[in-house]
Amino acid sequence: MSAARRAAVEALIHQEKAGYSNLVLDGRLRRSGLTGRDKAFCTAIFYTVLEHQITLDWQLRQCLNRPVTRLDPPVRAVLRAGLAQIVYMQVPPAAAVNESVTLVRKLGCSSAAGLVNAVLRRAPAQDPAAAKFPNRAARLSVQYSVAEPIVRLYLAAYPTRAEQLLLSMSTPSKETALRVNTLRTSPEQLAQRLADEGTPSRPGPLPGSLLAAFEGSPIQSAAFAEGLFHVQGLSSQLAALSLDAQPDQKVLDLCAAPGGKTLLLAQQMQDTGRLYSRDAAEGRVSLIRQALERSGIQCADVACADASVWQPELARADRVLCDVPCSGLGILRKKPDLRYKPLGELPSLCVLQAKILATASRYVKEGGRLVYSTCTLNPQENEYQIEQFLAGEEGAKFRLVPPPFHPEQASEGPFGMTIFPDETGFDGFFIATLERL
């Protein structure tokens, strides 16, 4: 396991500089040559640190005479990884401490070996629940390892349920939501195929969905390679289902990468009609094409395009989905990077969302349907956007309509449906379903 610990620490050092966590880890694993249990152990250390970094840093700070951020990067990463193993991964403390001391020496920081040894022996006893904090936001930030600005946003928007939301997004799910490729198989057939591969599953709450308990990565499944399913969160599935796409229609997916919603829409269309799948990130458009090829879908037209800019060829569409770029505050459980995301870009992000919604609405023909969705629980990106849109000249041509599927306990408001993870078990999402008059 020593090689696995080193690979995890090197990935954590790289992660601090820049990059998506999954890409950083994947690159490190490829270079390390780790397999089997070592690869799984490395992955567990890396993501455990990312999911609990604020809490870990608070515990470490109680045992240091300087901020954690002022430590050398290798020392900081070794301390975080070692403490994560003791507190969250049930690794025997003596093993975690000794391996961490050895590792910090191998990384060229021998002078810090004594500090690592002393701090890791004391830090696990530091309990945030027994500590005093200057305010509630500071306490919740440390307790649930979420940046204070995000905590304050939740406290302002949902004062009576903010802590329950943070708790729900700090509790990992043991099952992976799958979307069955109904063009090639059925939920029952896929469940049997996964069982033959050693993966138990059960029917999901949405038609065409399964919840599976993979031991490793779902993409390692032979059924995945054959295009029998793709991984897609239930709330994301619900957003696409809310469009109610039909065979032979003209359907637009304007912010489509990495392609899960495009696949679901094509399945609803029975691979007929024309599905225009667009995304502004050139590097992510290839992911859509790969997903379509793997799934055997022919009805999609894929291109790189800015959803806020008018494209004449997309006009007169029956269905338009704009799952807009957002702060992602409803999927902290899935993407630990977002726990520490600064909120300074929110104003410009809201401007972009409004532009995309306004442009998307012009594509919808009379009687057509428009779905606006986000994976955040920030009202400024959700209800406020729909309220402002409907109050405008273009929005006056639309009305809100009930979505075809409504999860139990999802909250239906005057401007759309909010899915709270603490009540539904789904990711935090907002979905507004509109119809052109």
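Hi everyone, let's start with Gln-237, which touches Ala-177, Leu-178, Arg-179, Leu-206, Ser-209, Gln-232 and Leu-264, leaving aside residues up to four places away in sequence. Contact here means heavy atoms within 4.5 Å. Please keep in mind that this is a predicted model, where local features need pLDDT of at least 70 and side-chain atom pairs count only at pLDDT 80 or more, while totals for chains, interfaces and linings use all residues. Residues are numbered from 1 along each chain as its sequence is written, and side-chain values use heavy atoms, with hydrogens and water left out.

Gln-237 sits in helix H13, residues 234-241; helices are DSSP runs of H or I with at least four residues, numbered from the N terminus. Gln-237 counts as buried because its relative accessibility is 0%, and buried means under 20% relative accessible area, with a 1.4 Å probe and protein chains only.

Now to helix H4, residues 53-61, where seven of the nine residues are buried. Those are Gln-53, Thr-55, Leu-56, Asp-57, Trp-58, Gln-59 and Leu-60. They pack against helices H3 (36-51), H5 (73-88), H7 (113-122) and H8 (136-144).

Finally, the cysteines. How many disulfides come out of the count? The count is zero, taking a disulfide as a pair of cysteine sulfur atoms within 2.5 Å. For Cys-322, the nearest cysteine sulfur belongs to Cys-255 and is 6.6 Å away. Cys-322 counts as buried, at 0% relative accessibility. For Cys-350, the nearest cysteine sulfur is that of Cys-326, 10 Å away. Cys-350 is buried as well, with a relative accessible area of 17%.

Terms used: Buried < 20%, exposed > 50% of the residue type's maximum accessible area, 1.4 Å probe, protein only. Helix = DSSP H or I, 4+ residues; strand = E, 2+ residues; numbered from the N terminus.
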